[in-house]
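This report walks through one structural model, from its overall layout to its local backbone features. Please keep the sequence and the coordinates at hand while reading.

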Amino acid sequence: MQNGQAKMVQVTGLRKKFGRRVVLRDVNFAFSTGAVVGLVGPNGAGKTTIMKALLGLLATDAGNVQILGQPVSVNTHTIVTQQVGALIERPAIYPFLTGWQHLQLMTTSAE
Ligand SMILES: Nc1ncnc2c1ncn2[C@@H]1O[C@H](COP(=O)(O)OP(=O)(O)OP(=O)(O)O)[C@@H](O)[C@H]1O
Ligand SMILES: [Mg+2]
């Protein structure tokens with residue numbers, strides 16, 4: 001359920017390894033609706049990896065992501081497709097949607 005008190009984005013205890021390399025180690029942050037925030041860090045710091053986790057495009061090893069109080073994971077994208085517009089390097093489309101569903105998303109987002 002959407003919750004008026006919920007943070008716009010809440011990331012808790014995010015951890016991600018690629019092979020043996022820990023790229024995200026206990027990442028925690030949150031911000032509220034209306035905030036303008038930047039995610040900054042040197043090349044390879046893990047910014048894109050965090051963004052992929054926020055969009056449910058990447059399986060993480062621990063932690064969780066909530067947008068407007070709703071969970072996001074590789075299996076849970078409802079709030080992402082309803083409320084988020086995002087463009088990252090890859091994947092350029094949502095791998096869990098069909099081509100037709102992408103077209104529907106564009107038309108409903110424009111309303
Ligand atoms: N699919 C992957 N497999 C293995 N390693 C990866 C993968 N994706 C990212 N990495 C590694 O994880 C680390 C973080 O990468 P990420 O792309 O998240 O950094 P970034 O902060 O977005 O960097 P940049 O500023 O260059 O965009 C880097 O060391 C990168 O090489
Ligand atoms: Mg990047």
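Where does Phe96 lie? Phe96 is found in the loop between H2 and H3, where helices (H or I, at least four residues) and strands (E, at least two) are DSSP runs numbered from the N terminus. Phe96 is partly exposed, with 15 other C-beta atoms within 10 Å; on this scale a residue is buried if 20 or more other C-beta atoms lie within 10 Å of its own, exposed if 12 or fewer, and partly exposed in between, with C-beta atoms placed from the backbone. The C-alpha atoms of Phe96 and Met51 are separated by 17 Å, and the two residues are 45 residues apart along the chain.

## Basis of the model

This is a predicted model, in which local features need pLDDT of at least 70 and side-chain atom pairs count only at pLDDT 80 or more, while totals for chains, interfaces and linings use all residues. Residues are numbered from 1 along each chain as its sequence is written, and chains are lettered from A and ligands numbered from 1 in the order in which they are written.

## Overall layout

The protein chain has three helices and four strands, and from the N terminus on its elements run β-β-α-β-β-α-α. The radius of gyration of the protein chain, taken over C-alpha atoms, is 14 Å, close to the 13 Å that the globule rule gives for 111 residues, so the chain is as compact as a globular protein of that length; the rule is 2.2 Å times the number of residues to the power 0.38.

Along the principal axes, the C-alpha atoms fill a box of roughly 40 × 35 × 25 Å. Of the 111 residues of the protein chain, 14% count as buried. Among contacts with a separation of 6 or more, 47% are accounted for by residues 24 or more positions apart, two residues being in contact if their C-beta atoms, placed from the backbone, lie within 7 Å.

Gly13 is placed in strand E1 and is partly exposed, with 13 other C-beta atoms within 10 Å. Leaving aside neighbours within four places in sequence, Gly13 is in contact with Asp26, Asn28, Ala62 and Gly63.

The buried residues of H1 are Ile50, Lys52, Ala53 and Leu54, and they pack against strand E1 (9–18), E2, E3 and E4. When residues up to four places away in sequence are not counted, Leu54 touches Val9, Val65 and Val72. H1 is followed by Gly56, whose phi is positive, near 70°.

The largest nonpolar core has 12 residues in all, including Val11, Leu24, Leu54, Val65 and Val80; such a core is a set of buried Ala, Val, Leu, Ile, Met, Phe, Trp, Tyr and Cys residues joined through C-beta atoms within 7 Å. E1, H1 and E3 each supply at least two residues of this core, and the largest share, three residues, comes from H1. In soluble globular proteins, nonpolar side chains tend to be buried together.

## Surroundings of ligand 1

Ligand 1 is surrounded by Phe18, Val23, Gly41, Asn43, Gly44, Ala45, Gly46, Lys47, Thr48 and Thr49, a residue being near the molecule if its C-beta atom, placed from the backbone, lies within 6 Å of it. Helix H1 (residues 47–54) gives the most to this shell, with three residues.

The shell divides into three nonpolar, six polar and one charged residue; here Ala, Val, Leu, Ile, Met, Phe, Trp, Tyr, Cys and Pro count as nonpolar, Asp, Glu, Lys and Arg as charged, and the others, Gly among them, as polar.

## Backbone features to inspect

Most residues other than glycine have a negative phi, and most peptide bonds are trans. Asp26, which is not a glycine, has a positive phi of about 50°; Asp26 lies in strand E2 (residues 21–31) and is exposed, with 11 other C-beta atoms within 10 Å. Leu68 likewise has a positive phi, near 50°, and is found in the loop between strand E3 (62–67) and strand E4 (70–72), where Leu68 is partly exposed, with 19 other C-beta atoms within 10 Å.

The peptide bond from Arg90 to Pro91 is cis, with omega near -10°, and Pro91 is placed in the loop between helix H2 (78–83) and helix H3 (99–109).
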